[in-house]
Structure formats: structure tokens, C-alpha cells
Amino acid sequence: MAYTDDAVLSKLSALSETSDSIVSVGQWIMFHRRHADRTVQLWLQRLKDSPSHKRLNLIYLANEVAQQTKARRREDFVVAFSPIMAEAVATAYKGASLDIQQRIQRVVDVWRDRNVFEEPILEAMYARIQEINQARGTAKTGLSGSIFGSSASIPAELAPLTAPQQNVTKLLLGMKSTVNAANQEYDKLLGPDSTAPSAPVYAARLSGLLKSLAQAEGAVDQCVKARRELVAALQKALDTNRNALISEEDQLETFVRRRMEVEDKKTEVERAIMAGLPADDEPYIPSNGFNDQPVPEPDRPEVEALTPPPTEQDVPEQRASLSNTEQPSSAGLAQEATLQPTTEDIATNPGLAAAYKSVVTAVNGSKKRKLDDSNDFPDLGEDDGIDSDVAEILRRDSGS
């Protein structure tokens, strides 16, 4: 079959996961090694247009062709695959199932173990794989928060810096590997110690170098744009904080000036108070409490007794109470006693005889005096030394 683009695409479309299919298509491609660059470009195109399981078959085909030509010391396809292999691996790896991703990772590990591709190319492959893994982890983490932690832990002023910084970090990871690969390839072909191969090989290598330089240029350009966006966001945040700093410094100077003004006013008022005190008044000096003597308490004031002195009318009662306490008393029995005023008392107070006839009763051991209201005048017995005229007057009063 003659080599045409349609023939290559037909072979790639008919590729299956069996080893026989991969080996037969690989042999046909290696037979047309003169068209290695074009074949690799068509291979990459088919890889991008194929589903996930077909992409794994195309990776196996590239592995077969690269290892076979490397073993035969014909590096046409190795050189052609080198500039685009990192992109191809990332395209096949991204969006694939975990099993397919593990198989692609195993193929890349084999390439490193057998030195199929140069170290910068391998590093670019691993970098792209790592980038995809981190992006997948970020998406999972995004369900509960940012990769930088909880959204509440990031200040609102720094939130505009998050997206530009993440973009720069993402582009920088891929840029380093692309730039290193382009620099090494350039030194290998055009360096001072390089040797020019045959014209067809040299032309193919120069073509690959141009592609590597174009990829490196594009990666650096994207990184520069992202870095400019980050610097602009940082500059905006810096201007905002600088203006806030100027305002806060002005407030600080204002409060310092006010505090000093208040302290001076306070000192002036205290001096005025001290100057207005009399000469003999000493300022109060608080003691430390070590040599303080207790202040003596004032003498208690003399207070007049609350009990009034006994009156004359209470004298017979006191006598009766004293006379009753001298006699033994029986519980529950009433004892009668007639107070006999003296002649001198009756002569002094004629109504004393009737007022002082009382009956002393004992209730529960307590003595009480009870007046007998049956007669206006008490029975004084016989004359008992009373004048006859007085006795006659009393009889008449009692008879009326």
C-alpha cells in the first residue's frame, strides 16, 4: 500500500488492542520511516479524535515503534515523537479511567527504564501527568473547600490573588519541562560540540527542533501573560494597603497628639487644685499600711434610762406584791388579801380606802390584783382607830 494520509489514518483506525494488530501496523509505519514526521502528526491527530480505550492502543503503537527503532539505532521516530509525546500522553491520560491511567503510567515508566526518550522529554511527561492528578485532587477538594484551606481562612482582600497565582503555578509546571527540552535539543543540534548528521536526518532534526522551539515559545508566552495578571492583582492589593496605611498613620498621629493634649490639661488642673489649698492644709498622703496606728474610738454617750421612776400610787401595789411573795402559794388556788391602809394614809387621802380594796389571785403561779366593785367603800371592820365623825360620814354615804 502506498503511503498517503488516508492510508495512515486507515491503519490507525483499524488498530485493535491485540499484539498482532499493534505489531503489524507498527511494521508498516517503520517501513515508511521517511515520512516519520508526517506519520507522527497524523498519529497525534487520531489520538485526539479517538475515545479513551482507543487512545491506549495508540500509546501502545507508539511504544512499539519507538522501542523497535531505538533498538535498531534508527532514531527517526524517536526524534519525531519527542516534541509531541508529552502532549500525547497528557491527552490520553486525561479523562481516562483509573485502569487506563495506570497502564499509561506503566508505559512511561518503561520508557524511563529503557531510556527510550531523553530525560527532559520524560520529565515533561511526568509533569503533565502530575498536573492532571493535582487537578483531579483539586476538583475533589473543591467540594468542601479550596486547596489552600477553608474559604473562611482566606482574607477577602487576598481572594482576587488566588486565581492568578493558581494559573501561574499551573503554567509554570509545564513551561519548565518544555523549555528544558527545547534548550537541550537546540544544544544537541546547533551547539559548539554538535556534529551534523546526514542531510535527510539533519533536516528532520531541524524540523523537530523548530517544533520544540515553537512549543517552548508558546509556553513561555502563556506564563508571561499569567504572570502579568498576577503582578497587576498584586499591585492593586499593594495600592489598597498603601492607601490604608497612610490613613491609619494619620489617625495614629491624631490620637497621639490628643493624648498628649489631655495629659497636659490634666497636669494643669491638678496644679490649680494644689495652688488653691490653704497653707496649713497638708495634702493627703496615702499610707502603705505598715506603721498605721488604730484610731481610738470615741467614748460611748451617756443615755438616760428608759424605765421611769415609780409613782406614789405604785407604792401600795409594791407592798402588796412584796407581802404576797413572802407567803407560800398553792397552784390553782386563789388567795384573798385585804390591804389595810394606815390611818395616816386615809387621813391624807379620804378615797384611798375604797380604791385599795383588792383581791389577789394566783393563776398559774402569777399573782394579780383584782378590785372588788361590790361596795363603793371597803369594809374596814371595827372602828380600827377611825374617828367617829369620819365613820358616821362613811356610813351615811354607803346608806344613800
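This briefing walks through the main features of one protein chain. The model is predicted. The chain holds 13 helices and two strands. Buried residues make up 26% of its 400 residues.

**The chain as a whole**

- The accessible surface comes to about 28,100 Å², and carbon and sulfur atoms own 53% of that surface.
- Take the contacts in the chain with a separation of 6 or more: 63% of them join residues 24 or more positions apart.

**Confidence**

- The mean pLDDT is 76, and 68% of the residues reach 70 or more.
- Residues 138-152 have a pLDDT below 50, and this stretch makes eight contacts beyond near neighbours in sequence.
- Residues 325-339 also fall below 50 in pLDDT, with 22 contacts beyond near neighbours in sequence.

- Helix α3 covers residues 36-49, which is 14 residues.
- How far apart should its ends be? At 1.5 Å a residue, α3 should span 20 Å, and its end C-alpha atoms are 20 Å apart, so the two values agree.
- The buried residues of α3 are A36, T39, V40, L42, W43, L44 and L47.
- Which helices do these buried residues pack against? They pack against α1 (5-13), α2 (19-31), α4 (52-71) and α5 (76-93).
- S50 sits in the loop between α3 and α4. S50 counts as buried because its relative accessibility is 11%, under the 20% cut-off.
- Leaving out residues up to four places away in sequence, S50 touches R55 and L58.
- T69 lies in helix α4. T69 is buried too, at 6% relative accessibility.
- Leaving out residues up to four places away in sequence, T69 touches M30, R74, E75, F77 and V78.

- Helix α8 runs over residues 159-190 and has 32 residues. From first C-alpha to last, α8 reaches 46 Å, close to the 46 Å expected at 1.5 Å a residue.
- Several residues of α8 are buried, among them L161, V168, M175 and L189.
- M175 and D221 are 46 residues apart in sequence, and their C-alpha atoms are 9.4 Å apart in space.
- D221 belongs to helix α9. D221 is partly exposed, with 37% relative accessibility.
- Y186, L190, L210 and L213 form a nonpolar patch on the surface. Together they have about 370 Å² of accessible area.
- Which helices build this patch? α8 and α9 (199-275) each supply at least two of its residues.
- L213 is found in α9, and its relative accessibility of 33% makes it partly exposed.

**Salt bridges**

- Side chains of opposite charge can pair when their charged atoms come close.
- How many salt bridges does the model have? The count comes to twelve.
- R38 lies in helix α3 and D5 in helix α1, so the pair ties together parts 33 residues apart in sequence.
- Both partners are partly exposed: R38 has a relative accessible area of 40%, and D5 has a relative accessibility of 31%.
- K188 and E118 also meet in a salt bridge, at 3.1 Å from N to O. This pair links distant parts of the chain: K188 is in helix α8, E118 is in the loop between α6 and α7, and they are 70 residues apart.
- K188 is partly exposed at 43%, and E118 is partly exposed at 37%.
- R242 and D239 form a salt bridge at 3.1 Å, N to O. Both are in helix α9, three residues apart, so about one helical turn separates them.
- An α-helix has 3.6 residues a turn, so residues three or four places apart point the same way.
- R242 is partly exposed at 40% relative accessibility, and D239 is partly exposed at 31%.

**Positive phi angles in loops**

- Most residues other than glycine have a negative phi.
- What is phi in R73? Phi of R73 is near 60 degrees, a positive value in a residue other than glycine.
- R73 sits in the loop between α4 and α5. R73 is exposed, because its relative accessible area is 76%, over the 50% cut-off.
- Phi of N115 is positive as well, near 55 degrees. N115 sits in the loop between α6 (98-113) and α7 (119-141).

Methods. Residues are numbered from 1 along each chain as its sequence is written. This is a predicted model: local features need pLDDT of at least 70, side-chain atom pairs count only at pLDDT 80 or more; totals for chains, interfaces and linings use all residues. Side-chain values use heavy atoms; hydrogens and water are left out. Helices (H or I, at least four residues) and strands (E, at least two) are DSSP runs, numbered from the N terminus. The expected span of a helix is 1.5 Å times one less than its number of residues. Buried means under 20% relative accessible area, exposed over 50%, partly exposed in between (1.4 Å probe, protein chains only). Contact means heavy atoms within 4.5 Å. Accessible areas come from the Shrake-Rupley method with a 1.4 Å probe; for residues, only the protein chains shown count as cover. pLDDT is the predictor's confidence in each residue, from 0 to 100. Patches are made of residues with over 30% relative accessible area and no salt bridge: like charges are joined within 9 Å, nonpolar side chains (Val, Leu, Ile, Met, Phe, Trp, Tyr) within 5 Å. A salt bridge is a side-chain nitrogen of Lys or Arg within 4 Å of a carboxyl oxygen of Asp or Glu.
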